[in-house]
Amino acid sequence: MADDYLVRIGKLIRDARQHRGWTQSQLAEALGTSQSAVNRIERGNQNISLEMIARIGEALDSEIVSLGYAGPMHLRVVGGRRLSGAIDVKTSKNACVALLCASLLNEGRTVLRRVARIEEVYRLLEVLGSIGVRTRWINDGVDLEIVPSAELNLEAIDADAARRTRSIIMFLGPLLHRMDHFTLPYAGGCDLGTRTIEPHMIALRRFGLDIAATEGLYHAQVDRAVSPDRPIVLTERGDTVTENALLAAARHDGITVIRNASSNYMVQDLCFFLEALGVKVDGIGTTTLTVHGVPTIDVDVDYSPSEDPVEAMSLVAAAVVTESELTVRRVPIEFLEIELAVLEEMGLDHDRTPEYFADNGRTRLVDLAVRPSKLEAPIDKIHPMPFPGLNIDNVPFFAAIAAVAQGKTLIHDWVYDNRAIYLTDLNRLGGRLQLLDPHRVLVEGPTRWRAAEMMCPPALRPAVVVLLAMMAAEGTSVLRNVYVINRGYEELAERLNSVGAQIETFRDI
């Protein structure tokens, strides 16, 4: 029995290593051991301690074993079931993490309503707590209260939690107003290839921030004599880049103009929140933002982030791939119009209600009723563009949708280096996806899905796409090591079960 567990653990480690793109030698170097030892571990021929398993999991950024809490580790999916009924879209993951970072601007009490209870939020709360910010869940765990301390202790930062989230990069904008020098761990998160932080630095240097990156840390120094003397032109119309510039401008005593800004959903939510803090922002929803900063922010604020358009797209895709009739409620339609236009051209049968406002009073919502449809491959390729184009995070869902459509669909993910590669995991479930290069994949449908057991891709959206395909496949599938899904979705399996899916969470050990 013990030998059997060693073999199973070894297989988990091997799969996690391969998904990270590492050789046995690279893992051995990270662990300070030999390649032959890693080989023995993966073949189940070497006893291994819990401490070593934890070290391997940290090196691979993969939850090999989970201790001390009851969170799910794997998913067992009984596929081929039709969904029915209605399901609500949760609040935006990306807006919530931006607002958590923005709370560092405020010396007063911040309450965020219906915050997504996901791993990405938990990691940021661990980081905030470690540096002295008091946070607690209130109103039966639905809302979040945040009270920053007068002094932040960056030397006590929880580096492990910080390295497991990309969002830590958005601490730079608020912190440059609070201290003259500080250090932050390198940003982590999904394994999506190399993504430079240079666009952040170009924007934040205009506020006097200088960064030196050494030994896994960003070493920040702030020159108070430097301030923007002309409009800031972002070299990348990125969401987090725009958010960092907004966070820096919010407490800059003067007017800051940000050009080539993202106008995406999480940026708009951040702008609405800054206005609640007393910071005037002109041009919300456009690519030019004018921020009227205030040097001190000390207000008690209560804000409700809007719903997540990417989760909405996930749920629409779930209905399409499983050929189901499903109503997706509270869809932020402004940020899903291009996707729905493409789906309509492919033949999607759906209705939508009149628009109504989200709890923030600004974002427009609808309810979508999706019905089984006979889809045809689109004439043009599927590719992302900055808002109001097709959202980069929604591109992977079109891989599963294209797989059930008649014909061939070219998907071009030009933003990320590795994500198109992860989409080919659908081939394990019967898909016919041909990788043309690291950014382009050709999908041929329709697909006769088949059940499989496989490792969860290390990137959030491709991981969910694999789960949706498993839901469509007749038989029982197993998706292992689903931490990455919990980073971005709250109780996804349970919520899908509420509309007819059959997904069970379990652990090996």
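Reply: Terms first: helices are DSSP runs of H or I with at least four residues, numbered from the N terminus. Axes are lines fitted to C-alpha atoms, for helices over the stretch in contact, and angles run from 0 to 180 degrees between N-to-C directions. This is a predicted model, where local features need pLDDT of at least 70, side-chain atom pairs count only at pLDDT 80 or more, and totals for chains, interfaces and linings use all residues. Residues are numbered from 1 along each chain as its sequence is written, and side-chain values use heavy atoms, with hydrogens and water left out.

Now the pair itself. Helix α12 (residues 309-321) packs against helix α14 (residues 395-403) at an angle of about 10°, and their axes are 10 Å apart. So α12 and α14 are roughly parallel to each other (angles under 35 degrees count as that). On the α12 side, the contact (heavy atoms within 4.5 Å) is made by V310, M313, S314, A317, V320 and V321. From α14 come F397, F398, A400 and I401. By class, that's nine nonpolar, one polar and no charged residues; Ala, Val, Leu, Ile, Met, Phe, Trp, Tyr, Cys and Pro count as nonpolar, Asp, Glu, Lys and Arg as charged, and the others, Gly among them, as polar.

V321 turns up again elsewhere: of the 22 residues lining the second largest pocket, V321, E323, V404, T447 and W449 are the closest to its centre. A pocket here is an open set of points on a 1 Å grid over the protein atoms alone, where a 1.4 Å probe fits, with protein on both sides within 12 Å along at least five of seven lines; lining residues have an atom within 4 Å of a point. The lining divides into 11 nonpolar, five polar and six charged residues.

Note on methods
Helix = DSSP H or I, 4+ residues; strand = E, 2+ residues; numbered from the N terminus. Parallel < 35°, antiparallel > 145°, perpendicular 65-115°, else oblique.
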